[in-house]
Amino acid sequence: MILRRLIAGVTVAVVLIQPEPAVADRRSGDPIVIAHRGASAHRPEHTLLAYEAAIAMGADYIEPDLVSTKDHILVARHENEISGTTDVAARTEFAARRTTKTIDGRPVTGWFTEDFTLAELKTLRAKERVPDLRPDNTAFDGLAEIPTFEEVVQLAERHGVGVYPETKHPTYFDSINLSLEEPLLDVLGRHRVRKAFIQSFETANLRDLHGRTRYPLIQLMTFGGKPYDWVVSGDPRGYDDLVTPDGLREVASYADGIGVDTRRVIPVGADGRLLPPTTLVQDAHRRRLDVHVWTVRNENSQLPADHRLGNPASPVYPRATGDVMGWLGKLLDLGIDGAFCDDPSMGRAVVTQRRR
């Protein structure tokens with residue numbers, strides 16, 4: 001169950017303003033609709049266009065993934081490598097900045113936010129990351145800047161919705177002296193944000209934040225794999241260990257909820273069809289942890305086979321909208337407390353319908 005959290009104060013080079021007590025949506029209310037990177041089914045992700053659309057569609061929270069610029073400003077991008085989400089590759093003035101880095105143990109080639117000042121990043125324009133899946137979104141290519149976290153927060157505050165930031169690659173950013181947590185708390189504190197969750201796939205930064213803030217913390221977990229900070233520390237465990245009763249007890253010592261791949265709640269067989277649900281939701285609730293699932297997407301290719309619609313022989317079948325509402329309803333039947341949705345209007349429709 002989400003605890004109410006309040007900025008406790010951090011020893012950094014800035015003075016944090018103490019906000020009012022944070023308000024977190026609790027299991028006693030409706031499940032929350034989290035706009036995954038904004039309304040990314042309808043606009044290029046992590047743009048103010050996407051966040052504005054999500055708010056209009058009824059999202060409770062908008063979700064920015066956060067990375068740092070060279071001058072230590074947090075911006076909203078899915079990854080710190082930005083060739084897939086901006087026009088940087090076509091910008092000749094930045095051609096020399098293309099490089100290869102090791103990010104979370106993997107070689108990645110491209111252009112990286114930490115090699116640009118905010119002023120330089122603001123000259124770039126966003127584009128659709130998966131144009132083959134979402135060709136209509138390409139109509140908005142070139143229109144939007146990369147937003148700062150502060151701009152996302154200001155938008156959310158103007159419209160009375162919450163923010164749900166994710167710290168991306170925190171161990172990596174710590175290693176290059178661009179820690180994400182201090183500027184994150186600074187922005188939330190200065191704007192006296194009351195509705196926020198902070199999420200991470202790593203554990204060490206959440207443990208650290210647990211002693212520095214009362215904003216609710218969410219431990220993200222993939223289907224398989226392990227937190228990268230455990231890779232670095234040599235911890236042999238993985239996310240599979242964290243979803244056991246003992247693992248959830250450990251998570252509850254520093255976090256308020258878990259954000260999990262939907263397959264952790266309802267597994268999928270080799271044929272793409274749903275298998276019987278797990279006990280994860282009930283197990284987490286016994287530890288007073290909320291359960292938010294990701295990601296509910298519209299397209300047939302992104303849905304379990306049980307919830308795909310249309311003629312599989314059609315060339316547009318993979319990107320056609322399937323039975324999103326039925327799929328989300330099935331997850332809600334199991335007691336989840338929130339869902340990350342690429343199309344917040346679908347999420348809002350299901351939650352509202354079930355309230356009647």
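This is a predicted model: local features need pLDDT of at least 70, side-chain atom pairs count only at pLDDT 80 or more; totals for chains, interfaces and linings use all residues.
A residue counts as buried when its relative accessible area is under 20%. Keep that cut-off in mind for Asn 298.

Where does Asn 298 lie? It sits in the loop between strand S12 (290-296) and helix H11. The side chain of Asn 298 has a partner: a polar contact of 2.9 Å joins it to the side chain of Asp 343. Setting aside neighbours within four places in sequence, Asn 298 touches Ala 41, Leu 303, Ala 320, Thr 321, Gly 322, Val 324, Asp 343 and Met 346. Two of those names lead onward. Val 324 belongs to H11, and Met 346 belongs to H12.

Follow Val 324 into H11, which spans residues 324-333. Val 324 is buried in this helix, and so are Trp 327, Leu 328, Gly 329, Leu 331 and Leu 332. What covers these buried residues? The cover includes S12, strand S13 (338-341) and H12. After H11 comes Gly 335, with a positive phi near 95°.

Now take H12, residues 344-355. The axes of H11 and H12 come within 10 Å and cross at roughly 55°. That angle makes H11 oblique to H12. The crossing is right-handed. From H11, the residues in the contact are Val 324, Met 325, Leu 328, Gly 329, Leu 332 and Asp 333. From H12, they are Met 346, Gly 347, Ala 349, Val 350, Val 351 and Arg 354. By class, this contact of H11 with H12 holds eight nonpolar, two polar and two charged residues.

A second helix pair can be read in the same terms. Two packed helices are described by the angle between their axes and the distance between the axes. Helix H3 (residues 149-159) packs against helix H5 (residues 181-190) at an angle of about 30°, with the axes 10 Å apart. That makes H3 roughly parallel to H5, because an angle under 35 degrees counts as roughly parallel. The crossing of H3 and H5 is right-handed. H3 brings Phe 149, Glu 150 and Val 153 to the contact, and H5 brings Leu 184, Val 187, Leu 188 and Arg 190. The classes here are five nonpolar, no polar and two charged residues.

H11 is oblique to H12, whereas H3 is roughly parallel to H5. The H11 and H12 crossing is right-handed, and the H3 and H5 crossing is right-handed too.

Note on methods
Residues are numbered from 1 along each chain as its sequence is written. Side-chain values use heavy atoms; hydrogens and water are left out. Axes are lines fitted to C-alpha atoms, for helices over the stretch in contact, and angles run from 0 to 180 degrees between N-to-C directions. Helices (H or I, at least four residues) and strands (E, at least two) are DSSP runs, numbered from the N terminus. Angles under 35 degrees count as roughly parallel, over 145 as roughly antiparallel, 65 to 115 as roughly perpendicular and the rest as oblique. A crossing is left-handed if the near helix is turned anticlockwise from the far one by less than a right angle, and right-handed if clockwise. Contact means heavy atoms within 4.5 Å. Ala, Val, Leu, Ile, Met, Phe, Trp, Tyr, Cys and Pro count as nonpolar, Asp, Glu, Lys and Arg as charged, and the others, Gly among them, as polar. A polar contact is a pair of N or O atoms within 3.5 Å; within protein, one must be able to donate a hydrogen and the other to accept it, and residues adjacent in sequence count only if both atoms are side-chain atoms. Buried means under 20% relative accessible area, exposed over 50%, partly exposed in between (1.4 Å probe, protein chains only).
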